[in-house]
Amino acid sequence: MFKGLSAFPLTPLSEAGIDFRAFTGLVERLVDSGVDSMGVLGSTGSYAYLQTHERKRVLREALAHAGGVPVIAGIGALRTRDVLELALDAEDAGVAGLLLAPVSYQPLKDHEVQALFETVCAAVRTPICVYDNPGTTHFRFTDALHGRIAALPNIASIKIPRLADDPVEAATRVAALRASVPSHVTLGVSGDASAVRGLLAGSDGWYSVTAGLFPEVALQIVRAVGNGDEEGAIALSVRLAPLWSLYDRFGGIRVMACATALLRLCGEDCLPLPLQGLRDGEREEVEAVLGGLGLL
């Protein structure tokens, strides 16, 4: 579950509510593709914008349509009590794994983040993936903190942020973190532009935004690495560079929302305000890139 390709789909929603028909369609699309797992209620899944009861409903819809594919549920929230409620509910619902980011408004300190994970680990039996995402949480894990948290019961994986563009630097980063955590804890790269560098550097898997909508192309990359086809994996990543560039410019969630609407898998209005979809020339640019890649 915490290896291979984990796909993170959009949760299509508007101020009128969540489009569950569109969401379950995206889940079923992932089931048909053969991904190793799916991560619902991640950043692209808009977990931070949903109320607790909405998150519980989204999770149950995902589980009902997952067709045996392991489901990892995001449980991050501002308050520890809410994290615990979401964690226990997800465990009760039968998820295969939990994804926990140290969400905050006031900046968190290392001991506060450690206490959060200690509290959750003491309350559940379900394996937990540490969500290291400084771009949204603005919290930066040290390797020492990762090591202390990874030694806790139930910690099974770390979702690491985007790696450096230089392959040597990327490999050094993965090796340093690997040396800091127990051997049973897997490392999964995120930041799709650095996926190939992370996989070639020895990461166990890829937690992918792209795979949430285009699982086949992401699976090609993972399989190429698994088959020892380094050159092929790099070539696929280079081919997808225009898509990675769109993520950098507009944000992955906006690009995925636009792409999902272009594929007519959801309505045009599929992001929670104040987030807004791409407009005019931006939308046309996404359409042109996806068309050029044969993804539309």
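The sections below cover the basis of the model, its cavities and a surface patch.

## Basis

This is a predicted model, in which local features need pLDDT of at least 70 and side-chain atom pairs count only at pLDDT 80 or more, while totals for chains, interfaces and linings use all residues. Residues are numbered from 1 along each chain as its sequence is written, and side-chain values use heavy atoms, with hydrogens and water left out.

## Cavities

Two cavities of 30 Å³ or more are found in a search of the whole structure; a cavity is a set of points on a 1 Å grid over the protein atoms alone where a 1.4 Å probe fits but cannot get out, and its lining residues have an atom within 4 Å of a point. A volume is the space filled by probe spheres set on the points, which are joined across faces, edges and corners.

The largest cavity has a volume of about 50 Å³, and its lining consists of Leu41, Arg55, Lys56, Leu59, Ala73, Gly74, Ile75, Leu86, Asp89 and Ala90. Helix H2 (52–65), strand S5 (71–74) and helix H3 (80–93) are the elements that give two or more residues to this lining. The second largest cavity, of about 30 Å³, is lined by Phe8, Pro9, Leu10, Leu26, Thr44, Val209, Gly212, Leu213, Met256 and Thr260.

## Surface patch

Leu200, Ile234 and Val238 make a nonpolar surface patch of about 240 Å². Ile234 lies in helix H10 (residues 230–239).

Terms used. 1 Å grid on protein atoms, 1.4 Å probe; cavity = no way out; pocket = protein on both sides within 12 Å on 5 of 7 lines; lining within 4 Å. Helix = DSSP H or I, 4+ residues; strand = E, 2+ residues; numbered from the N terminus. Patch = residues over 30% accessible without salt bridge, like charges linked within 9 Å, V, L, I, M, F, W, Y side chains within 5 Å. Areas by Shrake-Rupley, 256 points an atom, 1.4 Å probe, with all protein chains shown as cover. Salt bridge = Lys/Arg side-chain N within 4 Å of Asp/Glu carboxyl O.
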